[in-house]
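Take a look at the fold below.

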Amino acid sequence: MTTICNNLKKIQANITIAAERSGRPAGAVQLIAVSKRMDSGKIHQAIACGQYIFGENYLQEAQQKLPILDDNLRWHFIGHLQSNKARLAVKLFDVIETVDRIKIARAIDQHAAALNRDLRILVQVNIGREKQKHGVLPEDTEELLESIRQTTRLTVSGLMGMPPWSKDPETSRKYFRELKELSVLLSKQELFSDNNNVELSMGMSSDYVVAIEEGATMVRVGTALFGRRE
Ligand SMILES: *Cc1c(COP(=O)(O)O)cnc(C)c1O
């Protein structure tokens, strides 16, 4: 068994334990394998071991990698998106996790309409209120979701967030909890496409277990699966 396959099995086992600890079945949490700056050989190893959902941050890189890979995979865009690149993102990806302003939501919506498809999105929230991070501020999320209601092709599945960087995963817990609380509040206002089933994309290699304990339904894991990036 390859290292990547071993890593995948370990991560899946951790997901199962953490999900059960939060009172949910393992199937309630999706693993997004973050394959940015990983070559297709490594992605193939993960596929061979059963992984089929992947995340990429850079459009140019995705444009080169995705067409040579299997059609049955699911791709999440998790990088920062500019409006002039929205068309390419819509063409390549199944889910765009980083919608953080109305301008980009409208651009995605228009291109989805032009391609005659619907597209799942998440709204990225800057849960740590960090200047260097993208994402809508927690207090502005409601207004953004209200505006997104006027689009026609977007399925607004939930929220995505990244806490401030820390070595200690416990430091992330309160940010994950805040994002969960925000999602509950906004679902009561019926601002998502399915308010009984709101997705929460939170947690990376260092803190995905804590994120699941706090309610993550999607974790985005790169280095713990593939090893260090070049
Ligand atoms: C790179 C990245 C990840 C994965 O980070 P790891 O620490 O390698 O697991 C997750 N989410 C986003 C948004 C990223 O940019």
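**Salt bridges, strands and cores**

Glutamate 214 and arginine 173 join their side chains in a salt bridge, 2.8 Å from N to O. A salt bridge here is a side-chain nitrogen of Lys or Arg within 4 Å of a carboxyl oxygen of Asp or Glu. The pair links distant parts of the chain: glutamate 214 sits in the loop between H8 and E8, arginine 173 in helix H7 (residues 173-188), 41 residues apart. Both glutamate 214 and arginine 173 are buried. Buried means under 20% relative accessible area, exposed over 50%, and partly exposed in between (1.4 Å probe, protein chains only). Helices (H or I, at least four residues) and strands (E, at least two) are DSSP runs, numbered from the N terminus.

This is a predicted model: local features need pLDDT of at least 70, side-chain atom pairs count only at pLDDT 80 or more, and totals for chains, interfaces and linings use all residues. Residues are numbered from 1 along each chain as its sequence is written, and side-chain values use heavy atoms, leaving out hydrogens and water.

Arginine 21 forms a salt bridge with glutamate 213, with the closest N and O atoms 2.2 Å apart. Arginine 21 lies in helix H1 and glutamate 213 in helix H8 (residues 208-213), so this pair ties together parts 192 residues apart in sequence. Glutamate 213 is partly exposed, at 23% relative accessible area. Both pairs belong to a network of salt bridges that links Arg21, Glu170, Arg173, Arg177, Glu213 and Glu214.

Now turn to strand E1 (residues 30-34). Four of its five residues are buried. Strands pair if DSSP finds at least two bridges between them. E1 runs parallel to strand E8 (residues 218-221), joined by four bridges. There, alanine 33 stands opposite valine 221. E1 also runs parallel to strand E2 (residues 53-56), with two bridges. Valine 34 has glycine 55 of E2 as its bridge partner.

What lies inside? Nonpolar side chains tend to be buried together in soluble globular proteins. A nonpolar core is a set of buried Ala, Val, Leu, Ile, Met, Phe, Trp, Tyr and Cys residues joined through side-chain atoms within 4.5 Å. The largest one has 66 residues, and Phe93, Leu159 and Val219 are among those with the most contacts inside it. Helix H1 (residues 3-21) gives the most to this core: seven residues. Another core lies apart from it, with five residues, including Ile32 and Met160.
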